[in-house]
Amino acid sequence: MSSVSKTGRKTWLDYLKPRKRGVPEGLWLRCKGCGETIFRSRLEENLGVCPEDGCGYHDYVSAKTRIAQLLDEDSFEEWFASLLPVDPLEFVDKKPYKKRLIEEQKRTGLKDACVVGKGYMRGRPLVFGLTDSAFIMGSMGSVVCEKLTRAVEQAMELELPLVILSGSGGGARMHEGIVSLMQMGKVSAALARYQEKGGLFISILTNPTMGGVAASFASLGDIVMAEPKALVGFAGPRVVEATVKQVLPDNFQTSEFLLEHGFIDRIVSRHDLRTEISRIIDFCGV
Ligand SMILES: [Zn+2]
């Protein structure tokens, strides 16, 4: 399937093309933002942000790396790590879901697309959860939202601030059918209870945050921040274009477009995330 839209713009499929994530690919790589060839180690030292002048493309980083970047050293205690996905529908697409799960687990080192737990950020305790687009596009299966829901409930019980970082190109996980669709309501209801009790929820959107993730917990933060130029939206631009029958603006579904339209509160570079989150927690006095 061609992934270039009629207007010649990159479509969301371009951003979601499978990459060999988690597998070292040599010393050099090509930046997806500016096209320059850069040293992998330079990119990694720069938190996965392109170091070329005027680029600053925020590349993918794994869940494990995110935790190391954001939280105080060795402070993260993972919760509910033993929750494993199952195959309630015995679903088969190109391959059986069961087989797909095993392959994804081996490739990414994750049990499913979500990790939650407690950690410290600049000495402040918080509940932290994140989704990783390397695992079936970070789609919302039952384990993803069960972990997130339990994390919200723990944040409520421990009276801690909650930070969830979304990196989910997929929405509901079709391999789990209706079981997957129910998850949006479940996690949203838990967040509503947490917010009624005065909890602080900071949502961080990274590239990509799409579908049911964008349409549920990722949009429900008291404060919603996004990394620069992240792809954030519900349906892909091609579907929207075909539905509304209008040519969409070039920056449609980027963090910058959504900031202009009031959907997010602030765009924050990856280098400043720790500072900004800590500052908001202090400001809210939780
Ligand atoms: Zn670049």
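Predicted model: local features only at pLDDT ≥ 70, side-chain atom pairs only at ≥ 80, totals over all residues.
I started with Arg66, which touches Val61, Leu130, Leu165, Thr206, Glu227, Arg270 and Leu273, not counting residues up to four places away in sequence; contact here means heavy atoms within 4.5 Å. Arg66 sits in helix 3, where helices are DSSP runs of H or I with at least four residues, strands are E runs of at least two, and both are numbered from the N terminus. Buried means under 20%, exposed over 50% and partly exposed in between, with a 1.4 Å probe and protein chains only.

Residues are numbered from 1 along each chain as its sequence is written, and side-chain values use heavy atoms, with hydrogens and water left out.

**Zinc site**

Which residues hold the zinc ion? I found Cys31, Cys34, Cys50 and Cys55 as its protein donors, each through SG, lying 2.2 to 2.4 Å from the ion. Donors are N, O and S atoms within 2.8 Å of the metal (3.2 Å for Na, K and Ca), and water is not among the atoms, so sites may look incomplete. The four donor atoms make angles of 106 to 115°, and the site is tetrahedral, meaning that all angles lie between 85 and 135 degrees. In sequence I read the spacing of the donor residues as C-x2-C-x15-C-x4-C. Cys31, in the loop between strand 1 (28-30) and strand 2 (37-39), and Cys50, in the loop between helix 2 (40-45) and helix 3 (63-70), link distant parts of the chain, 19 residues apart. I checked both for burial: Cys31 has a relative accessible area of 6% and Cys50 has 3%.

**Cores**

Next I went to the largest nonpolar core, which has 60 residues. Such a core is a set of buried Ala, Val, Leu, Ile, Met, Phe, Trp, Tyr and Cys residues joined through side-chain atoms within 4.5 Å. Phe128, Leu148, Leu162, Ile202, Ile204, Phe217 and Ile277 touch the most other members. Helix 5 gives the most to this core, with seven residues. Apart from it lies another core, of seven residues, including Leu29, Cys31, Leu43 and Cys55.

**Helix 5**

I gave helix 5 its own look: residues 142-158, 17 residues, reaching 24 Å from first C-alpha to last, close to the 24 Å expected. The expected span is 1.5 Å times one less than the number of residues. Its buried residues include Val144, Leu148, Val152 and Ala155. What covers the buried residues includes strand 3 (77-79), strand 4 (114-121), strand 5 (124-131), strand 6 (162-168) and helix 6 (177-196). Just after helix 5, I noted Glu159 with a positive phi of about 55°.

**Aromatic pairs**

How many aromatic pairs does the structure hold? I get three, taking rings of Phe, Tyr and Trp (its six-membered ring) with centres within 6.5 Å; planes under 30 degrees apart count as stacked, over 60 as edge-to-face and the rest as tilted. Trp28 and Phe39 are stacked, 4.2 Å centre to centre with 15° between the planes. Trp28 lies in strand 1 and Phe39 in strand 2, so the pair ties together parts eleven residues apart in sequence.

Terms used:
Tetrahedral: all angles 85-135°; square planar, octahedral: opposite > 155°, others 65-115°.
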